Amino acid sequence: MKSEPDSYSIDDLERDGTEPWDGIRNYQARNMMRDDMKVGDKVFFYHSSCKQPAIVGLARIASKAYPDATQFDPNSKYHDPKSSPEEPRWVLVDVKFERQLKRPIPLTELKQHPALDDFQLNKRGNRLSIFPVSKQHWDLILSLE
DNA sequence: GCCAACGTTGGC
DNA sequence: GCCAACGTTGGC
């Protein structure tokens, strides 16, 4: 799962412990949270749009998908006037801090491994803020730590 | 249903 | 700040 450290970093998650992952307004990402994520699933926490884009920590899914309250709040930047509590359009999951990596694994380094060519972060135009990681990729990336 | 315009993401 | 990628919007 990606996050811009300027808005929410791995340090913030460590401080907060568990955080509702609000503001996802992409149908593909929403569907993955709704259909594919299970409590206890492991998560890579990735810092995007910053000096050193990198995988920085581990987390876990801490809840099933439930409606994202910010969509009903007119004062929220995530407000969606087309959504209603009766028929919520957007959901979120809670994410629970597990640990920081011993060192951040920068995107530049991930790109150097041919075995990670088809890892989504390494693909051009990758804009999904949430995507699945295969066991092979997971194990390889963790071994770089 | 097509497609141009526009907005956003995110690496560099 | 630039630019590629790509999702969304809206006119037709």
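Among the elements covering the buried residues of helix α4 are β3 (42-47), β4 (54-61), β7 (94-106) and α3 (107-110). This is a predicted model, where local features need pLDDT of at least 70, side-chain atom pairs count only at pLDDT 80 or more, and totals for chains, interfaces and linings use all residues. Residues are numbered from 1 along each chain as its sequence is written, chains are lettered from A and ligands numbered from 1 in the order in which they are written, and side-chain values use heavy atoms, with hydrogens and water left out.

**Helix α4**
- Helix α4 spans residues 135-143, and its buried residues are His-137, Trp-138 and Ile-141; buried means under 20% relative accessible area, exposed over 50%, and partly exposed in between (1.4 Å probe, protein chains only).
- Looking down the α4 axis, those buried residues sit within an arc of 100 degrees, so they line one face of the helix; the arc is that of the directions from the helix axis to the C-beta atoms.

**Trp-138**
- Trp-138 lies in helix α4 and counts as buried, at 9% relative accessibility.
- Leaving out neighbours within four places in sequence, Trp-138 is in contact with Lys-42, Val-43, Phe-44, Leu-58 and Val-133; contact means heavy atoms within 4.5 Å.
- From Trp-138 to Gly-17 it's 121 residues in sequence and 23 Å in space, C-alpha to C-alpha.

**Overall fold**
- Chain A has four helices and seven strands, running β-α-β-α-β-β-β-β-β-α-α from the N terminus; helices (H or I, at least four residues) and strands (E, at least two) are DSSP runs, numbered from the N terminus.
- The radius of gyration of chain A is 15 Å, close to the 15 Å the globule rule gives for 145 residues, so chain A is as compact as a globular protein of that length; the radius is taken over C-alpha atoms, and the rule is 2.2 Å times the number of residues to the power 0.38.
- Along the principal axes, the C-alpha atoms of chain A fill a box of roughly 45 × 30 × 30 Å.
- For chain A contacts with a separation of 6 or more, 69% come from residues 24 or more positions apart.

**Burial and charge**
- Of the 145 residues in chain A, 42% are buried.
- Chain A carries 22 positive and 23 negative side chains, with the centres of the two sets 5 Å apart; Lys and Arg count as positive and Asp and Glu as negative, while His and the chain ends are not counted, and each charge is placed at NZ of Lys, CZ of Arg, CG of Asp or CD of Glu.
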